[in-house]
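Trainee: Could we go through this model together, with its pocket and its helix contacts in mind?

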Amino acid sequence: MRRQSSSLWHLPLILIGITMLLPLAFMFVTALAEPGHSMSAASSFVDFIVPRAWRWDNFAAVGRVIPFARFYINSLLVSGLTTVGVVFTSACAAYAFSRLEWRGRDAVFTAYLATMMVPAAVTMLPNFIAMKILPDLLAQVLPWIDWQAQRVLGVTVQDPAVGRLAGIDSYFALIVPVMFSAYGTFMLRQFFLSIPRDIDEAAEIDGAGHWMIFSRIILPLALPALATLTVFSFLGTWGSFIWPLIVTNRTELGTLPLGLLAFQNTGNYGTDWPLMMAAALLILLPIVILFLLGQRFFVAGARTGAIKG
C-alpha cells in the first residue's frame, strides 16, 4: 500500500518534469529547422514539431550573423568578474555584519537590507549618470592615467568619446556597478550566524586575526552558501539585458543577450527563429555546466540545514 501511494506521488512530479522540459525540446527542434520555420508556415502541427530536414549547420550559421565568439568572450568575462566581485564583497560584508561587534551594526544592516526593496529601474538612471561623469572625475583625481584610452582589452576604438577605461561604453561600466548585492550579503550573513562562535574564540586563542578566521575558517565552512550565491550571481549577470543595452554602444562590447536582437527582422523571414533558438541553446550551455558542477554543494547545503536543531 505504501509503495502504491509513493507511485501516485511520483506521477504528478513526472508530469511537472515533462512540462518543464517542453520549452527545451521546442528550442532544440526549432534550432534544427530550416530557415523560415514557424507555426504559420507549417502545413500541420506534426510538420511544425518534426521538421522535414535537420539543419545542424544552424549552430555554425549563428557566427555569420553576429560576432558570436566575441559576445561569448564578453559575457564570460563580465559574468565571471561580476560573480567574483559579488561573492567577495558579500562575504566580506556578511562577516562584518555577523562576526564583528561595532556600534550601529544592526542599524546599518537594516538600512542596507532595505535597498532590496528599491526597484532596479529606480537606480538605473543614477548609475548611468555616475558612469557618464566618472572619467572626468577620475581625470581630476588621477591625471597621470589616460582615462580616455582608445584601446581596451585589445579593442581599438576610433571615437575618443568611447572605449574608456571607466565610464560609458567600457567593461568597467558592465562589471563594477553590479558587483554588490544586498541579497548576497543577507544570505551569507544568515549562514555565517549558524557557525558556532566557539570556533572563532579557539582561533583567536591560537593567535589568528580576523582575516585568518575569515579566510581559513569561515569561508571553507560556508562553501555551500558561496556556491549557491555563485550560481545565482552568474545566472543573473549572464542573462542581463537592460543594463548592458544602456551602457554600451559598440558591438565589440556587446554581450550574448544583446546579440539575440540581431536575429529579429533578418532576411526574408522576419525573425529567424531557427538561428535564434540555436543561439539560445549555446547561451544556455554554461548555465547547465555551472549548475552540474555546483549541484553537490546544493545538496550539502540542504543536508546541513536539515540536521541543525
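What follows is a short exchange of questions and answers.

Mentor: Happy to! This is a predicted model, where local features need pLDDT of at least 70, side-chain atom pairs count only at pLDDT 80 or more, and totals for chains, interfaces and linings use all residues. Residues are numbered from 1 along each chain as its sequence is written, and side-chain values use heavy atoms, with hydrogens and water left out.

Trainee: What volume does the largest pocket have?

Mentor: On a 1 Å grid over the protein atoms alone, a pocket is an open set of points where a 1.4 Å probe fits, with protein on both sides within 12 Å along at least five of seven lines. Points are joined across faces, edges and corners, and the volume is the space filled by probe spheres set on them. For the largest pocket that gives about 1,000 Å³.

Trainee: Which residues of its lining are closest to the centre?

Mentor: Lining residues have an atom within 4 Å of a point. The largest pocket has 32 of them, and the closest to its centre are Ala 120, Pro 177, Val 178, Phe 180 and Ser 181.

Trainee: Which helix gives the largest share of that lining?

Mentor: Helices here are DSSP runs (H or I, at least four residues), numbered from the N terminus. H4 (68–98), H6 (120–141), H8 (182–193), H11 (223–238) and H12 (242–247) each supply at least two lining residues. The largest share, six residues, comes from H11.

Trainee: How many charged residues are in the lining of the largest pocket?

Mentor: Ala, Val, Leu, Ile, Met, Phe, Trp, Tyr, Cys and Pro count as nonpolar, Asp, Glu, Lys and Arg as charged, and the others, Gly among them, as polar. The lining has 20 nonpolar and 12 polar residues, and the number of charged ones is none.

Trainee: Are H4 and H11 parallel or oblique to each other?

Mentor: Axes are lines fitted to C-alpha atoms over the stretch in contact, and angles run from 0 to 180 degrees between N-to-C directions. Under 35 degrees is roughly parallel, over 145 roughly antiparallel, 65 to 115 roughly perpendicular, and the rest oblique. H4 and H11 pack at about 140°, with axes 9 Å apart. The pair is therefore oblique.

Trainee: Which residues of H5 meet H4?

Mentor: Contact means heavy atoms within 4.5 Å. The axes of H4 and H5 (residues 105–114) come within 9 Å and cross at roughly 140°. That makes H4 oblique to H5. On the H4 side are Ala 96, Phe 97 and Ser 98, and they meet Arg 105, Val 108, Phe 109 and Tyr 112.
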